[in-house]
Number of protein chains: 4
Amino acid sequence: MKDKVVLAFSGGLDTSYCAIYLNKELNLEVYSAIVNTGGFSEEELQAIENKAYSLGVSKHVSLDQTQYYYDKCIRYMIFGNVLRNNTYPLSVSAERMFQALAIVQYAKEVGAKYIAHGSTGAGNDQVRFDLVFQILAPEIQIITPIRDKKLSREEEIAYLQSHGVVANWEKAKYSINQGIWGTSVGGKETLTSHLPLPEEAYPSQLKRTDSQEIEITFEKGEPVALNGKLLGSVAVIQELAKTASEYAIGRDIHIGDTIIGIKGRVGFEAPASLITIKAHHALEKHTLTKWQMYWKEQLGNWYGMLLHEGQYLEPVMRNVETFLEDTQKNVSGKVKVKLMPYRFEIQGIESPHDLMSAKFGSYGEMNNAWTGEDVKGFTKIIGNQMKIYYQVNNSQ
Amino acid sequence: MKDKVVLAFSGGLDTSYCAIYLNKELNLEVYSAIVNTGGFSEEELQAIENKAYSLGVSKHVSLDQTQYYYDKCIRYMIFGNVLRNNTYPLSVSAERMFQALAIVQYAKEVGAKYIAHGSTGAGNDQVRFDLVFQILAPEIQIITPIRDKKLSREEEIAYLQSHGVVANWEKAKYSINQGIWGTSVGGKETLTSHLPLPEEAYPSQLKRTDSQEIEITFEKGEPVALNGKLLGSVAVIQELAKTASEYAIGRDIHIGDTIIGIKGRVGFEAPASLITIKAHHALEKHTLTKWQMYWKEQLGNWYGMLLHEGQYLEPVMRNVETFLEDTQKNVSGKVKVKLMPYRFEIQGIESPHDLMSAKFGSYGEMNNAWTGEDVKGFTKIIGNQMKIYYQVNNSQ
Amino acid sequence: MKDKVVLAFSGGLDTSYCAIYLNKELNLEVYSAIVNTGGFSEEELQAIENKAYSLGVSKHVSLDQTQYYYDKCIRYMIFGNVLRNNTYPLSVSAERMFQALAIVQYAKEVGAKYIAHGSTGAGNDQVRFDLVFQILAPEIQIITPIRDKKLSREEEIAYLQSHGVVANWEKAKYSINQGIWGTSVGGKETLTSHLPLPEEAYPSQLKRTDSQEIEITFEKGEPVALNGKLLGSVAVIQELAKTASEYAIGRDIHIGDTIIGIKGRVGFEAPASLITIKAHHALEKHTLTKWQMYWKEQLGNWYGMLLHEGQYLEPVMRNVETFLEDTQKNVSGKVKVKLMPYRFEIQGIESPHDLMSAKFGSYGEMNNAWTGEDVKGFTKIIGNQMKIYYQVNNSQ
Amino acid sequence: MKDKVVLAFSGGLDTSYCAIYLNKELNLEVYSAIVNTGGFSEEELQAIENKAYSLGVSKHVSLDQTQYYYDKCIRYMIFGNVLRNNTYPLSVSAERMFQALAIVQYAKEVGAKYIAHGSTGAGNDQVRFDLVFQILAPEIQIITPIRDKKLSREEEIAYLQSHGVVANWEKAKYSINQGIWGTSVGGKETLTSHLPLPEEAYPSQLKRTDSQEIEITFEKGEPVALNGKLLGSVAVIQELAKTASEYAIGRDIHIGDTIIGIKGRVGFEAPASLITIKAHHALEKHTLTKWQMYWKEQLGNWYGMLLHEGQYLEPVMRNVETFLEDTQKNVSGKVKVKLMPYRFEIQGIESPHDLMSAKFGSYGEMNNAWTGEDVKGFTKIIGNQMKIYYQVNNSQ
């Protein structure tokens, strides 16, 4: 009996090559699997399945991880308002982890001896995949033909043709990676430091020129309703993406540090994640204390950094998640957002936990909760150490 | 001979009241002073001076602190990309400190026994003023008639009338505070949590519907040229504000923690500071290492927090400034920015210090600087601790 | 019917004065209460009760909060290895909070209109008490006769004598504050910067000159057994204090920032807390990952700072506690400690969660888990950004 | 003409093997170099030189880097009070960096094509050496025979004998690494988690049983005099080590995270660094503000972490050094320390910059700088946000 290999399969050139190679050259029984984290339609998944079988795999599965990905990661990115470098929702990097987690789980289920993926030796994804596989299944060996054989596209195409696989492998002008939390866009401009992506590089083109106001309801930090309709968080995000992408909202370019130390630049279109995070953040500004905001920001940033770098399994990540969730007890309420072509505005919030309540004094208005004398005392004491410092150190 | 008081004078109702009160009731010789941190034109300053003398002050001065404010504070806010809660450039809070610093310096020069300011007991500014005065001149007493006597506008107006001062004291619908680093806007909407400011509340209305590309040149972190024209940093900021405000760029609402513990909401219009900071940040993403960015963010946020809370004189602020300046050695280059109605986009950068150089490998492309084998070794070692952790803790 | 006041009563001069004053001058019904956080014996509590009734209070209670204080605070200080300035276990400051919490709870139960405490205007405790009372019972008014009337000891003694209260009010040479988490010692030396406390200032004198090895068992971060005997955490701490104080272990002097901005210096003797924390920390070094240690240290320090400053009720404290607790899942095992005159040594640990397992490679020894080639790859990738940085910035 | 190789040479088995191997097998001209960072006497250096020439090297040099190491690193570790895990002065890890820096500099000077070191594939040092060499001299190739050939001691000895090199290569019971900043001690006990090192494992044995008081003078954070005698910092540290080691002070065991992810345990004896850091820290507690201490701790810890992990060349390290130095302006004064067998006590400090000055109010004593009313106002305002929080969130 042949040994089994689970192949993380996307239907692209690299993983098509792998499907043939693992079978023909390594004599393995190929189980191909595609993990859906919200970026594929039923039709696309069916087409990928057809392709897999046409390449002769023994079995193909589509593993839907969208809800799991939301439960185990997206909600924490919302709690933590996670934007790398204050810009980039972790659209691609986070979902790679959940693809890897589903693959390794499946490999254990089918008793595979090997896991294969189509990563090259040039990017972040190889690290993300390898880390998860090594940590959770040290007994399973990893095979990465493209990385190891340093194959060119031409060589891969020739090999496939020699095995009777003929397809249109022409490279798209812009490489697109789509998931529930956003779409990344790479192209010749993102390989430079000075050029923006052209309008047409973005998958969603402007379709509406009006404006509209929407309302997102949060419950303990999670988006649960859109315009008053209870949908569940995954559906809120998907609905939001659909509506906002018609306004071409949520485009930007991220420049960041890759896991392997070089700088990388990538365009993205992530209307739902940006709107959700900004709305959530606005609600937090009203409902959390200063120091809660302070520490959430630090831990949220750290969470994003480690997640980006493939270290989702580092135990501190669970601790940070616990912290973030604990801060969300009162982050409930409604946020109004106005959508306009290419941009959106947070209009305001309503929450029973709003700390900016007129009952306790409005900023800049006289009030009954404290007096000018109280503030004088406060200022005197808060200035004490500085006052002493200046007297000690200037009088010499 | 009468004792001298230096009065921080704006020409508004509160400080007009103080000018009379200090003279008539407290029998002091009033030296009025207005500190310009970039928000006043020559004409406005002249009008304020006329008003001061009409109120019978002994002497009036305009203290121009714009360049000093830039040198001692704004440049550090740029170095630190300082935005409170990732939103608000410290338009008003920072300049209050420099107004106070100039006032206390002037009071020492003229040998004043008192300093007076028109703050009420309800806001942040009283703390900022008192702190600076107490720390740098503990020998000078502070007088705050409005705060101490808890006067209503009507009482103040009546008092002024009784001393022959008649003017139009009608309150503007929106209170505006203008300085080089931005304009704050308060109104009835900002006293609620749910209402945005209406279009007309903002001082700068949309005038242009085209787009234009501009280029900012940074030298060691400071903006020094606009569109290739060497202007000096203050002029770059002023020019940028003029151009970008025609596009109504830079509006937003900040919800934050006041020094006195309540939440405050304030609108602002700060095109120059937002564009400068975002352009500077983009340049840093290309020229600094990951850990430089990491620590800059932490210290920059702290700097903003203490500055906002009136603690500019805390010794750690000087240490943070030294740190921030030290990180800017290579933050030189050009940033292209596209201005459009209500928004702007960072297009890209050019810098001799750009770490994203194709020489060292482009992200996602094969290269010669390292191999897939190197990354495999890296991944193995970087995953070591997690691998051990999972083996130790799952095998029980 | 008279209004009720709950008086935080210690039996000392200040609170004895208050007991009479509240009754005689303010005509209130005095409910005195002493909160025991582990520093008082039954006999001492009885003596204080006798004293209270001799001063004419209507009712006196002893509120034992030792276990509650452990559950709600000490365990988190252990989890967080909390030592202010890396030196001082929060012996006194933490327990003040729990005294205040018990007092306010009791005041609500008896329907008191007032709470009184004997703090002067010179220290931290007034802030700690007032904060808790104001936050949890804004409807109850606070009375602080000693602070408000700025009384000298002589005046208080004279007043008490005039009401027939005669006692020995002579001030002890060293002021001692004892609780389960340590004893603070103040005296004339601690008012200077240069003098150490003399041997005799410390309550526990050296009684043994041998050495002995003890073993503390931790379960999820909490000390549960001593020398193999399951005692519960409070008893472990008390037993440890008894044993170690015979060796005069755990003395030091803390110099820190008071809440009111001045520097304060205080001696302490805290053998149980120091040994527990150091033993716990050693166990963590073996069972937690690097980044868990890193974030624990940051949040633990913050917890200690806010606790010290009376901000136990700040909501972020609950979030930090949740974080700390979550990190303790695997912090179970035994720690051996050697006690010697004036000092102790952590000998080593045993834990099923020990990450330093020979199975995974011993430091400095060849092993099978990775190769020199892996480390070379690791080093190459980890050095990538620095290598690029030096090439970009030195070649100009 | 043969190509040149610079060999980092210690005279031990591994580097002796390398000396022969590089010459005989790789046909290289061997330049051996030993870097002294304060751990070697003249006699020891001479003996090593003799050994090198006896192994047939073309040239041998001793590079004295003690002062340079102090100037570029130790002083910052003092400024930052750097102790890994609050325990371990970076005795060995820091000096490895300076050995590597001197070696790469020397290799450039002599025009070497290769650098060789004797590291195995099992420890931290290989990473430290490789990182420095790769970053500063990417054009020079690195040779590591012991790592690459995975040789056992027996194989090395046999090889040396076959080339006529006969010596006593018996392994010492405890491996000792000595430098100016401390001595590390490894042995069979440190390979376990539960055993302490025995008394005899430590190089310095107890010689005195009396006590003595010494005084260290700091100038802007640096130790400059001992007992009033101006010596320069390096000499203060060396003198201190000599005196304190007679008391067997400064021993402990460190458990930490190695660069390669496993836990490592190492004993050390570092009296001078521990006393210097604790004395310096005490002086800082008196002369710095709370927030200066806070940020110093964070940045100092980070500095220690990156230094330990071989990342001394990361640009952020220079920024951190600049920060730390800037905080030391007022850290001048004298610290008295009492030395006793196995332990020391900080007695107190004297400094013109002492913020704990009786002039400004002594802790717990009534004073004139502020009143109880001021503190009441302070407490009211500081409690504002929490008060609002509890009212908003409990009343529902």
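Domain bounds here come from an automatic or database domain assignment. For chain A, that assignment gives domain 1 (4–162), domain 2 (175–288 + 327–350) and domain 3 (358–394). Please keep in mind that this is a predicted model: local features need pLDDT of at least 70, side-chain atom pairs count only at pLDDT 80 or more, and totals for chains, interfaces and linings use all residues. Residues are numbered from 1 along each chain as its sequence is written, chains are lettered from A and ligands numbered from 1 in the order in which they are written, and side-chain values use heavy atoms, with hydrogens and water left out.

**Domains 1 and 2 of chain A**

- Taken over C-alpha atoms, the centres of domain 1 of chain A and domain 2 of chain A are 26 Å apart.
- Domain 1 of chain A brings 30 residues to the contact and domain 2 of chain A brings 35 residues, where contact means heavy atoms within 4.5 Å.
- The size of an interface is often given as the accessible area lost when the parts come together.
- Between domain 1 of chain A and domain 2 of chain A, the buried area is about 2,500 Å², with 66% given by carbon and sulfur atoms; buried area is the accessible area (1.4 Å probe) that two parts lose on being put together, summed over both.
- The count between these two domains of chain A is 1 salt bridge, meaning a side-chain nitrogen of Lys or Arg within 4 Å of a carboxyl oxygen of Asp or Glu.
- Glu222(A) and Arg75(A) also pair through their side chains in a salt bridge, at 3.3 Å from N to O.
- Across the interface of domain 1 and domain 2 of chain A there are 11 residue pairs in polar contact, both residues being at pLDDT 80 or more. A polar contact is a pair of N or O atoms within 3.5 Å; within protein, one must be able to donate a hydrogen and the other to accept it, and residues adjacent in sequence count only if both atoms are side-chain atoms.
- On the side of domain 1 of chain A that touches domain 2 of chain A, the elements giving two or more residues are helix H3 (66–79), helix H4 (91–110) and helix H5 (125–136) of chain A. Helices (H or I, at least four residues) and strands (E, at least two) are DSSP runs, numbered from the N terminus.
- H3(A) gives the most to this side of domain 1 of chain A, with 9 residues.
- By class, this side of domain 1 of chain A has 14 nonpolar, 11 polar and 5 charged residues. Ala, Val, Leu, Ile, Met, Phe, Trp, Tyr, Cys and Pro count as nonpolar, Asp, Glu, Lys and Arg as charged, and the others, Gly among them, as polar.

**Salt bridges over the whole structure**

- Over all chains, the structure holds 80 salt bridges.
- One of them joins the side chains of Lys336(A) and Glu215(A), at 3.0 Å from N to O.
- Lys336(A) sits in strand E13 (residues 333–340) of chain A and Glu215(A) in strand E8 (residues 212–219) of chain A, so this pair ties together parts that are 121 residues apart in sequence.

**Chains A and C**

- Chain A superposes on chain C by a rotation of 180 degrees with 0.0 Å of shift along its axis (RMSD 0.0 Å); copies are superposed by least squares on the C-alpha atoms of residues with pLDDT of at least 70 in both.
- Phe323(A) has the C-alpha nearest the axis in chain A, 2.5 Å from it.
- The contact takes 28 residues from chain A and 28 residues from chain C.
- About 2,500 Å² is buried between chain A and chain C, 64% of it from carbon and sulfur atoms.
- Between chain A and chain C the count is 0 salt bridges, alongside 14 residue pairs in polar contact (both at pLDDT 80 or more).
- H11(A) supplies the largest share of the side of chain A that touches chain C, 8 residues.

**Chains C and D**

- In the contact, 87 residues of chain C meet 87 residues of chain D.
- The area buried between chain C and chain D is about 8,100 Å², and carbon and sulfur atoms give 62% of it.
- The count between chain C and chain D is 4 salt bridges, and Asp148(D) forms a salt bridge with Lys376(C), the closest N and O atoms being 3.0 Å apart.
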